[in-house]
Amino acid sequence: MQVISDVYGAQYQADSLQDAGIAAFDVIADELVKMFQPKTAMDVGCGGGALIRGLLARGVDAYGIEGSSHAKQYMPDRIETLDLRERFPSR
């Protein structure tokens, strides 16, 4: 099985947080908040957390799950690294 961190490496994660990516996810965050008025949110496959950042800026308590270990460095308190191809760990 291919390691997700190899496919979505450090550069991929950094690129997702460039100005264009942030701007795109800000538009998505605006629409999500307008349509659903969420208090909390979970972004599965969150990458470096651009949508999480957008939601947080709009008052939503947002977190993410990402398979690539390179993403967690951008928001260590908000992103959990988890490969969903594996059995989900019980807590």
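The side chain of Arg78 comes within 3.0 Å of the backbone oxygen of Ala62. This is a predicted model, in which local features need pLDDT of at least 70 and side-chain atom pairs count only at pLDDT 80 or more, while totals for chains, interfaces and linings use all residues. Residues are numbered from 1 along each chain as its sequence is written, and side-chain values use heavy atoms, with hydrogens and water left out.

Arg78 lies in the loop between β2 (61-66) and β3 (79-81); strands are DSSP runs of E, at least two residues long, and helices are runs of H or I of at least four, both numbered from the N terminus. The Arg78 side chain also makes a polar contact with the side chain of Tyr63, at 3.5 Å. Arg78 counts as buried because its relative accessibility is 17% (buried is under 20% relative accessible area, exposed over 50%, partly exposed in between, with a 1.4 Å probe and protein chains only). Beyond neighbours within four places in sequence, the residues in contact with Arg78 (heavy atoms within 4.5 Å) are Ile52, Leu56, Asp61, Ala62, Tyr63 and Gly64.

Phe88 belongs to the segment after β3. With a relative accessible area of 52%, Phe88 is exposed.

Gln37 sits in the loop between α3 (19-36) and β1 (40-44). Its relative accessible area is 52%, so Gln37 is exposed. Most residues other than glycine have a negative phi. The phi of Gln37, however, is positive, near 45 degrees.

Notes:
Polar contact = N/O pair within 3.5 Å; in protein donor to acceptor, adjacent residues only side chain to side chain.
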